[in-house]
Amino acid sequence: SNNWGGTAIELWSTPHTFEACARTGASGRLYNAMIHPYVVGPMAVSGFTWYQGEANTGSEESAAAYACLFPAMISEWRKLFNNPSAYFGFIQLSTWCGPPSGIAA
């Protein structure tokens with residue numbers, strides 16, 4: 001299993017993903033450790049499942065970065081796995097825009 005809960009998308013992104021979003025200071029260490037070994041193969045994949053990280057919801061700046069990094073990461077992973085139509089299923093967080101007192105009982 002190649003997952004690690006509570007991590008930001010930046011940890012799973014390649015340098016090219018960061019370039020596509022005009023970002024610097026890329027880490028990508030989880031990509032390097034957990035995804036890249038499969039890219040150098042031999043391995044074929046038909047798709048990926050991504051559970052949206054809560055780690056990128058801390059601020060509007062973080063959410064804006066996610067809005068660029070997520071589609072760029074999808075494109076990059078498809079390219080690296082040489083599968084431009086690889087399925088990329090993602091589970092999104094529900095919208096939350098208010099104080100706890102606003103939750104219906």
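Trainee: Is Phe70 buried or exposed?
Mentor: Keep in mind that this is a predicted model. Phe70 is buried, because its relative accessibility is 9% and the cut-off for buried is under 20%.

Trainee: And Tyr66, buried or exposed?
Mentor: Tyr66 is buried too, at 10% relative accessibility.

Trainee: How are the rings of Tyr66 and Phe70 arranged?
Mentor: There are 10 aromatic pairs by the ring-centre rule. In the pair Tyr66 and Phe70, the ring centres are 5.4 Å apart and the planes are at 15°, so this pair is stacked. Tyr66 and Phe70 are 4 residues apart in helix α3, which puts about one helical turn between them.

Trainee: Which residues form the aromatic cluster?
Mentor: Tyr66 and Phe70 are in it, together with Trp12, Phe48, Trp50, Trp77, Phe81, Phe88 and Phe90.

Trainee: Switching to cysteines. How many disulfides does the structure hold?
Mentor: It holds 1 disulfide. Cys21 and Cys68 form it, with their sulfur atoms 2.1 Å apart. The bridge links distant parts of the chain: Cys21 lies in the loop between α1 (15-20) and α2 (29-39), while Cys68 belongs to helix α3 (residues 60-80), 47 residues apart.

Trainee: Left-handed or right-handed?
Mentor: The link of Cys21 and Cys68 is left-handed, with -100° about the S-S bond.

Trainee: What about accessibility, starting with Cys21?
Mentor: Cys21 has a relative accessible area of 14% and is buried. Cys68 counts as partly exposed, at 31% relative accessibility.

Definitions and conventions. Residues are numbered from 1 along each chain as its sequence is written. This is a predicted model: local features need pLDDT of at least 70, side-chain atom pairs count only at pLDDT 80 or more; totals for chains, interfaces and linings use all residues. Side-chain values use heavy atoms; hydrogens and water are left out. A disulfide is a pair of cysteine sulfur atoms within 2.5 Å. Helices (H or I, at least four residues) and strands (E, at least two) are DSSP runs, numbered from the N terminus. Buried means under 20% relative accessible area, exposed over 50%, partly exposed in between (1.4 Å probe, protein chains only). Rings of Phe, Tyr and Trp (its six-membered ring) pair if their centres lie within 6.5 Å; planes under 30 degrees apart count as stacked, over 60 as edge-to-face and the rest as tilted.
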